[in-house]
Amino acid sequence: MVAGTRLTTWLTTDGEVEELRGAEAMTRAGKETPIVCHALATATRLGAKSVAAYDVLELFAFARPAQFCLPTPGGLAAVLNLAPPGDAADAAVTLQQTAQALLAELGATKENRENLGAMAMIMTQSGWRWGPAVIAALGVPADSTGGALAAWRRLPEREDGPNPPPPSDHAISGDAAQAQLAELIGDGAENRPQQFEYAAAAAAAFTPRQEADMPRLVLAEAGTGVGKTLGYIAPASLWARKNGGTVWLSTYTRNLQRQIDGELNRLYPDPEQKRRNVVIRKGRENYLCLLNFEDATRALATGPGGAVALGLIARWVEKTRDGDMVGGDFPSWLTTLFGGGTIAALTDRRGECIYSACTHYSKCFIERSRRESMTAEIVVANHALVMIRAVLEAGSGQLPLRYVFDEGHHVFDAADSAFAAHVAGSEGAELRRWILGAEGSTRRGSGAGGRARGLEARIGDLLGDDDGQAIQQNIMRGARALAAPGWLTRIAEGETRGPMEAFLAQVRHVILARVDNDRSPYSLEVSVEEPDAGLLQAASEAAAAFEALRRPMLELGRHMISRLDDDAEELDSPTRLRLEAAARTLKRRADMVQAWRAMLLDLGQATPEHFVDWFSIERFGGRDRDIGMRRHWIDPTKPFAEAVLRQAHGVVITSATLRDNPPDAPDDWRSAEVRTGAMHLALPAERTSLESPFDYPGATRILVVRDVNRNRPNDVAAAYRELFLAAGGGGLGLFTAIQRLRATHERIAKPLDEAGIPLLAQHVDAMDTGTLVDIFRAEENTCLLGTDAVRDGVDVPGRSLRLIVFDRVPWPRPDILHKARKRRFGGARYDDMLARLKLKQAYGRLVRRADDRGVFVMLDSALPSRLLGAFPPDAPIERVGLADAIAHVREFLGRSK
Ligand code: SF4
């Protein structure tokens with residue numbers, strides 16, 4: 001069964017093709033259980049929550065674990081070497097052929113059949129529809145015993161060596177960087193002079209620094225097509241090799257991480273060499289925790305269901321490159337199929353790791369990635385991880401000395417999140433759980449007595465003497481002041497338990513009293529100014545409770561450090577490591593509690609100069625999700641410069657869109673220095689700017705439509721429809737609000753489908769953004785609607801992206817934080833800069849290769865001329881009526897390839 005927007009195609013067992021309406025298809029599916037591709041997306045298309053079906057993706061995940069595949073019939077056909085489906089009937093045939101091919105593969109597998117059979121049996125007992133067919137294909141007796149799900153047993157052990165010595169400090173010259181680049185590119189490849197210029201400029205960050213606390217900072221703007229990735233890999237790899245050091249390449253999006261990983265194949269063509277020298281590093285919350293996985297498989301023995309997901313995950317565990325469940329080789333569609341909660345529960349989200357006390361420590365994916373990144377030449381990481389590590393490991397001597405921040409235009413936003421503090425119910429409840437464990441939960445633990453039971457179970461054996469025990473008891477007493485499970489419901493019902501909940505209830509009261517529409521489906525926020533006596537009293541009591549928790553946390557950390565000295569003779573290395581890790585974690589969490597306390601004590605007084613505070617209720621789908629007080633830096637690049645830049649010796653910050661281009665100060669480096677933190681360093685950054693080699697005037701058209709009423713959803717949707725039709729698909733629709741995206745999708749999905757143009761949409765289709773973009777990239781005539789995340793991460797070369805339509809000028813949302821920044825950074829000019837940079841980013845998606853052509857359409861006639869600096873100076877811009885815009889699109893793209 002293949003569900004379309006209007007009709008569903010059904011291929012019968014006799015080979016007949018039928019077309020059914022949505023309700024008919026659901027009824028038929030209930031009776032005959034069809035084969036589908038992506039059950040959840042199919043159900044969503046049919047307007048249902050779920051559909052009874054054989055999902056061929058589950059069979060794929062079992063037969064070919066850790067392999068990439070687009071979750072579409074076309075994607076399956078591509079990886080299985082089947083004929084690409086031309087229409088829905090072909091697609092239905094593809095699903096049938098896919099199932100046959102995968103079962104045949106299993107029938108011929110050289111893997112341990114008994115183990116696979118046992119795994120399939122356990123999954124069958126949990127309701128897996130494919131189970132009997134898989135067992136039959138394997139040809140083994142059905143047997144569910146033997147620990148088939150215990151994939152950790154089949155992983156290799158890691159052997160840790162000593163920590164590497166610090167790197168030496170030999171300089172990389174511009175000439176050497178260029179010679180390395182020439183080698184990486186090879187003889188046959190296109191020679192781009194700008195790329196060589198770029199490599200030489202980036203090399204300046206790989207020379208010894210001149211002053212303490214001052215890195216060699218290079219700000220490098222390079223237009224699309226310059227080839228900056230290899231441009232910085234060239235000096236970075238040379239430096240790493242020559243000095244025995246590691247260079248961290250940091251990105252904002254996963255998409256770019258993947259691209260860099262691909263480019264590194266040129267540097268390390270031998271996979272084994274690459275495995276030793278390149279590590280993709282993410283936050284611990286991205287990786288599978290083997291102990292959590294073991295817990296989950298043990299819980300199966302006592303609870304029903306769940307074995308289907310665990311069986312597929314067990315298959316992946318045995319084959320994965322690095323255990324990354326979020327964006328690595330774990331299929332993102334599997335996360336959607338089983339629900340994010342299942343996957344999240346298996347990662348180390350709550351800091352419950354017990355380190356060397358864990359029975360899986362020598363096989364742990366997180367530890368492996370951490371250890372390997374110490375000896376690798378190149379680590380590919382993300383901005384958030386780099387910033388958080390810089391704070392947590394300051395002074396440890398373990399931090400990298402050389403960085404490249406690609407997507408440098410996002411340093412500001414990444415720092416904004418990394419350095420913020422929230423006294424929120426969710427955070428309080430999380431800390432409470434970390435200390436007290438899962439209260440009232442019957443979840444079984446393992447390893448050191450079950451980590452779900454909290455601090456005592458995790459580190460009780462490290463306390464040493466009665467003093468340690470007493471301090472721990474004080475921490476546990478203190479944690480009872482934090483928000484407890486069920487806090488959100490209690491507060492909504494007017495009840496509270498403990499000082500933190502009492503404070504949050506007061507916050508909620510103030511917000512609801514001050515906002516105009518307390519029933520708004522969106523999140524609410526109000527200023528912290530003029531708090532009333534009730535709120536101040538609750539804040540003061542919560543602050544005192546935080547202090548009563550913080551003090552013993554610090555004390556226990558000190559106690560553990562002193563044990564390292566006092567008991568040096570009897571402590572083995574794993575225990576020393578655990579003591580150090582526990583002391584570090586306690587200190588980090590105590591510092592967080594101190595930040596909360598400081599925020600509460602500041603209430604009723606002026607907010608400290610560099611911060612902005614506010615109260616908020618986070619809502620999702622009209623329901624309250626969190627309540628709290630937030631504190632952000634007005635300029636988050638200040639702590640970024642302090643924590644990351646100052647301790648580094650060399651940094652490249654690069655992007656295609658570093659600089660703003662206001663009418664009165666073209667190519668404004670000041671904007672780049674403000675957004676990257678360079679302005680907080682005493683030494684000036686070295687600047688380089690290289691134009692894109694692409695012929696934008698010839699390859700693009702920019703149209704501002706002047707006669708679409710942006711406040712009338714029907715008019716906006718009609719404009720999208722006609723523009724997408726004129727382009728024959730390949731359109732990316734960008735929206736500044738989800739509600740308007742949905743309204744347009746509702747109106748145009750069917751007419752586009754009738755014209756043979758599939759439409760995908762973020763926030764509508766039951767797939768994650770990365771998968772939607774992958775499908776959009778692979779299918780030339782598909783259109784995609786999305787918001788910010790789509791605009792930032794899309795790299796779609798070729799005809800698949802030939803038209804971008806923006807619904808409105810992307811002005812920043814005037815929330816409390818933005819208003820504070822606007823005051824600090826130049827008023828209306830700041831708004832202009834942000835909008836221009838967003839437009840520049842979006843326009844930059846259009847031409848990714850020299851032979852790409854594309855049209856950029858802005859449907860908002862209120863686009864002021866001063867924002868046109870977002871586009872290349874010689875690119876043709878016209879203000880036209882919609883009819884002319886449609887004709888332009890048809891004509892311009894009609895002439896293309
Ligand atoms: S060492 Fe920590 S993260 Fe790794 S498997 Fe054990 S508990 Fe999980």
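**Close-up views of a predicted model**

The ligand takes up the space of the largest cavity (a molecule sits in a cavity or pocket if more than half of its atoms lie within 2 Å of its grid points). This is a predicted model, in which local features need pLDDT of at least 70 and side-chain atom pairs count only at pLDDT 80 or more, while totals for chains, interfaces and linings use all residues. Residues are numbered from 1 along each chain as its sequence is written, and side-chain values use heavy atoms, with hydrogens and water left out.

**View 1. The shell around the ligand.** Here you can pick out Arg284, Cys289, Leu290, Leu291, Cys353, Ile354, Cys358, Tyr361, Cys364 and Ile366 around the ligand (near means a heavy atom within 4 Å). Sorted by class, this shell holds nine nonpolar, no polar and one charged residues. The classes are nonpolar (Ala, Val, Leu, Ile, Met, Phe, Trp, Tyr, Cys and Pro), charged (Asp, Glu, Lys and Arg) and polar (the others, Gly among them).

View 2. On a 1 Å grid over the protein atoms alone, a cavity is a set of points where a 1.4 Å probe fits but cannot get out, and lining residues have an atom within 4 Å of a point. The largest cavity holds about 110 Å³ of space; grid points are joined across faces, edges and corners, and the volume is the space filled by probe spheres set on them. Of its 15 lining residues, Cys289, Leu291, Cys353, Cys358 and Cys364 lie nearest the centre. Two or more lining residues come from each of α13 (290-302) and α17 (365-375) (helices, H or I, have at least four residues and strands, E, at least two, as DSSP runs numbered from the N terminus).

**View 3. Two buried cysteines.** Cys289 is buried at a relative accessible area of 10%, and Cys783 is buried at 0%. Buried means under 20%, exposed over 50% and partly exposed in between, with a 1.4 Å probe and protein chains only. A search of the whole structure turns up zero disulfides (pairs of cysteine sulfur atoms within 2.5 Å).

**View 4. Asn265 in its helix.** Asn265 belongs to helix α11 (residues 254-267) and is partly exposed, at 39% relative accessible area. Its C-alpha atom is separated by 30 Å from that of Tyr361, 96 residues apart along the chain.

**View 5. Positive phi in two loops.** Thr33, not a glycine, has a positive phi of about 50°; look for Thr33 in the loop between α1 (22-32) and β4 (35-36). Ala66 has a positive phi near 60° and lies in the loop between α3 (56-63) and α4 (73-79).

Methods. 1 Å grid on protein atoms, 1.4 Å probe; cavity = no way out; pocket = protein on both sides within 12 Å on 5 of 7 lines; lining within 4 Å.
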